[in-house]
Amino acid sequence: MSKNKFTRSLAGVAMIATVGAGLLVAAPAKATAPAVTINIWTFGDVIEPAMLRAYKVIHPEVTIALKKADLDPSMTNLTTSCSAYVQSHHLGSPPDIAAVEVSYSGYWRAYPQCFTDMRTLSTSAANANAQSLVPSSSNIASGLSANDIKNNYLAWRWAQGTGYNDSVIGIPTDVGGLEVAYRTDLFKKAGLPTDRAKVSALWPTWDKFIAVGKQYMTKVSAADKKKGVGFIDNVGTIYAASMNQGTYKYYNNNGTDAGQLVYKVQGNAPVYDPKTKAQKIDPKTKKPMFKKDWVLNPNITKAWDYTIKADNAGIGTRIGQYTSDWNVGMTKGTFATILAPAWMMDYIKGQAPTTSGKWNIASLPGGGGNQGGTQLTIPKWAAHPQEAWDFINWYLAPQQQLTVFKTYGLFPSTKVIYNDPALTGFKDPFFTNAPVGSIYLTGIQKLQPIFEGKLERAIDQAIGAGLGRVAAKKQTSLQSQIQVMIDLDKATK
Amino acid sequence: MADIATKGRSRPKAAPSPWKQKKRKPSKGGSGVPSLNGKWAYLFIAPFVIMFLIFGLLPVLYSTNLAFYQYDPLSLSQTWVGWDNFKFVLADETFWISLGNTFEIWALSTFPQMLMAIGFAAILRSRFLRGKTFWRTILLVPNITSVIAVAIIFGQLFGRDYGMINNVIGFFGFPHIDFVENSFASHVAVAVMITWRWVGYNSLIFLASMLAIPDELYESASLDGAGAWKQFTNVTLPGLKNTITFVLIVGTIGGLQVYAEPLTLAGTQDGGSSHQLSTLTMYLYNETFINMKYGYGAAIGILITIIVLIISAINFLVTRRVASEDKR
């Protein structure tokens with residue numbers, strides 16, 4: 001009896017095992033690839049959660065793990081990781097995809113050895129096969145390399161992800177663009193026009209913009225002024241906006257690794273006291289002394305002067321962007337304008353939901369504008385370059401960029417959809433039904449490509465600190481410029 | 001000391017050599033495992049020593065070497081530059097600003113804190129205080145709070161426009177103080193954070209030391225007609241001498257490493273527009289990892305080490321003097 005039972009159960013086990021084995025053999029033929037985790041190192045909102053959910057639907061086997069840090073630390077992490085790879089070829093826990101912001105693009109372009117050349121990659125059939133699951137997402141054919149998708153993107157955005165040896169190290173995500181977001185209710189109160197065409201006509205230049213700010217401030221009560229109310233959230237943002245309207249910033253493209261530094265040019269430089277940085281006065285003529293020496297390039301001084309002029313005019317609150325005061329001020333109406341890249345629209349919506357319908361978007365003074373933008377790269381030591389490449393191709397395809405724009409406001413870098421009515425006709429009720437698609441598109445098309453060099457970020461920060469010193473009245477504008485020159489010489493040495 | 005420790009046990013008077021213990025029979029008293037006193041000790045300290053060699057000494061040697069190069073970790077290019085890195089650091093204004101900031105923050109946080117800690121300890125020792133355990137526990141709470149959380153909360157308290165402290169200042173009709181841009185005010189803000197975090201901990205150390213002062217001293221002092229203040233200055237303070245030295249040394253070590261508080265307050269790695277919040281450690285990090293100058297950063301590290309060595313030497317001399325005074 002007991003023996004009988006034993007044999008029967010044994011037979012049962014054997015049967016289950018056989019069936020199980022059969023299933024195991026049958027499975028790969030029917031279902032898809034084995035489970036894979038793609039590690040993405042990123043910052044801010046480069047990778048949008050809704051898109052990840054959509055990707056999970058078409059690729060249930062792929063798990064995407066985001067590791068978010070602040071911008072500068074995320075770049076430090078990547079440096080450390082690449083350094084470990086370059087020195088010892090140890091993989092550690094590598095990212096499969098790393099997001100590189102445009103201000104660091106010059107730095108990373110100088111190190112193509114850290115990245116997989118995307119010309120050598122080729123999309124698998126995974127996306128094409130999954131197409132039937134979500135017909136609305138764009139069809140990614142198999143066998144695509146970076147060269148095959150190049151023409152989808154804005155040429156200058158594409159160039160920011162191209163290494164000096166012509167290798168493609170990053171695919172552009174969005175274009176920042178830059179326009180002026182303004183509060184119609186506050187403009188009305190100050191007796192200014194509220195219609196976006198009329199508002200845009202108020203400030204064709206930065207000088208006019210500052211003048212409008214002054215006019216606005218005359219209508220602000222003394223009590224409100226004491227509370228820190230201003231026209232623009234932070235005048236420091238004018239610097240970057242004006243800088244990007246030039247044809248060059250701190251570097252010229254001379255075809256070398258780092259670019260040629262042009263932050264200084266020969267000119268009439270002030271003679272200064274090394275300790276106080278104050279300009280020396282000629283004891284005889286009682287006039288400030290100058291000598292022939294290096295001065296900051298005219299583009300920098302132009303943008304600098306606009307910023308200082310706006311600061312002196314007292315049109316800015318001194319709230320720093322992305323601080324708690326900034327978020328509060330957005331709701332409270334502490335400031336009436338923000339220089340807003342397209343991606344900032346979603347931030348405003350999130351932080352000041354009660355101001356819905358009170359905002360509108362006018363064009364940027366002085367021409368087109370841009371701020372920000374990111375490339376997705378695949379480090380050379382990535383564990384799953386194939387899956388990462390498939391993901392990037394899907395995520396940054398025109399169709400997905402359009403969805404991201406409609407949902408989160410990030411402006412597409414794919415020029416092939418710039419004529420799409422879904423983009424040009426897109427209106428945002430939060431911004432008084434402004435046709436944000438066509439507004440940002442117009443600004444972006446006015447832009448001239450600017451060459452970003454290796455130490456762009458460090459130079460920007462040194463100049464930002466210099467403007468901060470003037471705003472805090474620690475140094476005069478001239479003293480601060482002298483200090484900036486010393487700092488830049490040090491930073492670029 | 002050895003005499004006292006072995007008294008009453010059948011041990012030879014001379015301090016036992018750990019290497020000869022095997023030959024001796026275990027003592028009748030059963031004073032633990034004799035061999036534990038000996039070479040086994042090396043096994044037990046081995047984890048620390050090995051860790052120290054890998055994570056302490058090796059990096060020091062490596063960065064000492066690095067300090068003489070211009071080094072790019074990504075392209076692996078190493079250019080010999082001799083003493084140039086050191087020369088540039090010493091010529092760099094930011095280095096001297098950071099050094100000054102570090103010492104100013106150290107002084108602002110250490111001395112008021114010590115006075116407060118002794119005061120708190122005196123209150124805690126008081127006979128009349130109720131719920132002693134409760135107060136002692138409360139004092140330690142700031143110390144177990146995360147530095148970043150402390151810095152963020154204090155950063156909001158010190159906010160220029162809407163911060164609570166400036167609201168109070170504004171209420172009394174004074175102009176708002178910019179606790180980030182104003183150099184001295186920003187150091188005060190950082191010192192307040194450090195003091196808030198460490199004053200309770202130091203109070204307990206002082207309290208322990210105060211409780212060790214024998215009551216007889218106080219009794220005889222009061223018999224001699226000394227009031228509470230006289231007792232404090234003539235009995236309590238001399239009794240705290242060693243503890244004060246200890247707290248000072250620990251505070252100095254901490255003071256030279258201040259990083260998270262000023263960084264969070266400044267919001268930028270360079271310590272603000274005129275580096276007013278940059279400390280030595282922040283300066284080191286900024287130059288090395290933000291400006292990507294690794295050789296330069298290594299040179300800064302070595303200079304910091306030299307500064308620490310000088311301060312340690314001063315500490316050592318002071319401690320020795322205090323100790324020798326005790327023997328007298």
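Ala98(A) stands opposite Thr377(A) in strand 13 of chain A.

Tutor: This is a predicted model, in which local features need pLDDT of at least 70 and side-chain atom pairs count only at pLDDT 80 or more, while totals for chains, interfaces and linings use all residues. Residues are numbered from 1 along each chain as its sequence is written, and chains are lettered from A and ligands numbered from 1 in the order in which they are written.

Student: Why is strand 13 of chain A described as largely enclosed by the rest of the structure?

Tutor: A residue is buried if 20 or more other C-beta atoms, placed from the backbone, lie within 10 Å of its own. Five of the five residues of strand 13 (residues 373–377) are buried, so the strand is largely enclosed. Gly373(A), Gln375(A) and Thr377(A) point one way and Thr374(A) and Leu376(A) the other way, and all are buried. A strand here is a DSSP run of E with at least two residues, numbered from the N terminus.

Student: How many residues does each chain bring to the contact between chain A and chain B?

Tutor: Residues are in contact if their C-beta atoms, placed from the backbone, lie within 7 Å; the contact takes 21 residues from chain A and 18 residues from chain B.

Methods: Two residues are in contact if their C-beta atoms, placed from the backbone, lie within 7 Å. A residue is buried if 20 or more other C-beta atoms lie within 10 Å of its own, exposed if 12 or fewer, and partly exposed in between; C-beta atoms are placed from the backbone. Helices (H or I, at least four residues) and strands (E, at least two) are DSSP runs, numbered from the N terminus. Two strands pair if DSSP finds at least two bridges between them.
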